[in-house]
Amino acid sequence: MVVHSASEQVLAGLDPEQRAAVTAPAGPVCILAGAGTGKTRAVTSRIAHRALSGEISPRHVLAVTFTARAAAEMRHRLTLLGAQGVQARTFHAAALRQVRYFAPRLLAGRAMPELLDSKVRLVTLAAARVGLRTDRAAARDLAGEIEWAKSSLVEPTEYVVAAARALRDTPHEPTKVADVFTAYEQLKRSNGVIDFEDMLRAAVWGIEEHPDVGEQIRSQYRHFVVDEYQDVNPLQQRLLDAWLAGRNDLTVVGDASQTIYSFTGATSAYLVDFPRRHRNATVVRLVRDYRSTPQVVGLANAVISQARGTEARLRLELSGQRPPGPEPDLRIFTDEPAEANAVAARCRSLIDAGTPAKEIAVLFRVNAQSEAYEKALTEAEVPYVVQGAERFFERTEVRQAMVALRASTRSIPGETPLPTAVVEALTAVGWAPDAPPAGGAARERWEALSALVQLAEEYAATPEVVPIGEAASVERPVTLTDFTEELARRAAQQHVPTVDGVTLASLHSAKGLEWDAVFLVGLAEGTLPTTYAKTVEQVEEERRLLYVGITRAREWLWLSYASARSPGGRARRPSRFLPQLDRSGGTERASSGTGPARGPERRRTQIVSCRICGATLLAGPDRKLGRCPTCPSDIDDELHERLREWRQRMAGAQKVPAYVVFTDATLVALAERRPGRSEELIAIAGIGPRKLGLYGESVLALVAGAGVDDVCPEKTFEISS
């Protein structure tokens, strides 16, 4: 009776969908869990409910996920629920534990090979063996390509065909990569070491080829749970199938709309096909979002509603459960420095208003974008930490480039234009100003050095003013020496240790995390989606990346892009994924972000800029105010009160709601902007010719100082239809 009571207690507080997932019968269960819908609570409650009711034993459960942090969180929650003894581990940790335990039996007494922490060193040696010179970035890309192949169950002899079929953007010619792959495997064997993929394969081999090992593992683990199932790769699925050995007590949890790691070999195919592979599967959808406000949830739904392809078949429309919050703040800036400075200023104001710095994040597509935000936050005296990557000036390639730039001050003529001098110096360290190389690490290295060239161009655009007398001065072009000193200054400023600060992170590294306030920056075509997204599938993954970014925000969300990369630079378009923006440069009908995006209006909307900070205004209320909601108000409170009283009287006389006369936002705009002429009045969004004719004279009189009694006669005012 006590056990039954404890199991029922686990169900307390669950919503209907979570309860359905927890109480689903034994057998294959697929939980499609949207962002913020409580998937960890649901899956741990399912394990605990089954254990406390006596249906299963905790020690017979193996729960696997993809990060040690997620596994630790799962173990912690299970302990709180009273289900101690469950094994919650990553795929690699579970496999390593089993291989080590059975090594004496599998290896006939031989010592278990050493496990490589990183492939890079051996890959570098393998590349040299086949006549390919590589730097560290190129070696990392080759290692990543080998990891993709092994995770996808592709052998060296199969690599060329498999890479072509998968449309891989290979770091070298596919045949050359295959040669490196072959040499790498040979070097591993001769050195008596294995990598992580070998270890997963060893676990599979131990179960499939040694019946006694397989029987012992199947006796130990009878019930399986897999978190983040959309991120499983073919090798991990092969291991899961070996563990199951035809049994079907399997619960998987995933969200196809958060599939963003396909470049590593992860595939949502197993999640999408789960009901087909398991004909009697129970499928439960968790759609109540407890993380984000309805406004944030609405924008996420609008973005993902346009998704196409396989993953879209399992698309979930989330329902926000939190109280309403502010509308997502969508802004356009003239250039990236202006965008970064505005973000830093808003971070500063959020912190000053009481938001902890650690509850704020700035998210971007590639790590090379961080430099502008590191600089802007430093100048705004906002502490920050870089998530999942080194700070810009601590990156190896940037440090090497700074050494090369200092050395070039002695060899490049002083009259050489700064951008030209920087390009010449960086060419000496292997950078080329043409198209970036293939491969993620090599491309990031190229982009980091390109950021230095961009900095040089911006720095050269502001020549130094040198005084030549009491009342005269002359402009002196900045030199390479000046630039190296500027870089050293920036590096010193950004090297200050921080413990609690605004998080700077790429969208990929932000998955699984959440913050009160999130800035999604650089949302321009060519950055998100990246220019390297060539196929429909790759573009759709970029869309899902934005969706993941949006769903990291609990309450406050900022989305922005710069019309040009640098001041005066080439114009670029906003990301195609932003539902509020018209593709021809105008704006769509103002959207609250609480439903799918609607098509553009037939009439193009005039672009309105904030009269205080200059950002483009897209939301209807902001356009009426003529300023961003976060920019300081200069409202005339006394005039605002007279306008409110006048509106109330007019609405009563016309027998209509007050907002039919003028909305609250229009009244605030009138009290802030205080128009003195009809032309200024009709320039306020929401006041058209009809309302100008009806109310214009009265409003202008009120702004000029007239009293409400002076402009509101006692007679009933009627509007002709």
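What share of the contacts in the protein with a separation of 6 or more comes from residues 24 or more positions apart?

1. The answer is 74%, with contact meaning heavy atoms within 4.5 Å. Bear in mind that this is a predicted model, where local features need pLDDT of at least 70, side-chain atom pairs count only at pLDDT 80 or more, and totals for chains, interfaces and linings use all residues. Numbering runs from 1 along each chain as its sequence is written, and side-chain values use heavy atoms, leaving out hydrogens and water.

2. Overall, you're looking at 30 helices and 20 strands (DSSP runs numbered from the N terminus: H or I of at least four residues, E of at least two). Of the 721 residues, 52% count as buried, that is, under 20% relative accessible area with a 1.4 Å probe, protein chains only.

3. Have a look at helices H7 (residues 136-151) and H9 (residues 174-191): they pack at about 80 degrees, axes 10 Å apart. That makes the pair roughly perpendicular (65 to 115 degrees, between N-to-C directions on a scale from 0 to 180 degrees, with axes fitted to C-alpha atoms over the stretch in contact). H7 brings residues including Leu142 and Ile146, and H9 meets them with a set including Phe181 and Tyr184.

4. Serine 560 sits in strand E18 (residues 553-564) and is buried, at 1% relative accessible area. Its side chain makes a 2.7 Å polar contact with that of glutamate 339 (N or O atoms within 3.5 Å, one able to donate a hydrogen and the other to accept it). Beyond four places away in sequence, serine 560 also touches residues including Arg331, Phe333 and Leu520.

Note on methods. Angles under 35 degrees count as roughly parallel, over 145 as roughly antiparallel, 65 to 115 as roughly perpendicular and the rest as oblique. Buried means under 20% relative accessible area, exposed over 50%, partly exposed in between (1.4 Å probe, protein chains only).
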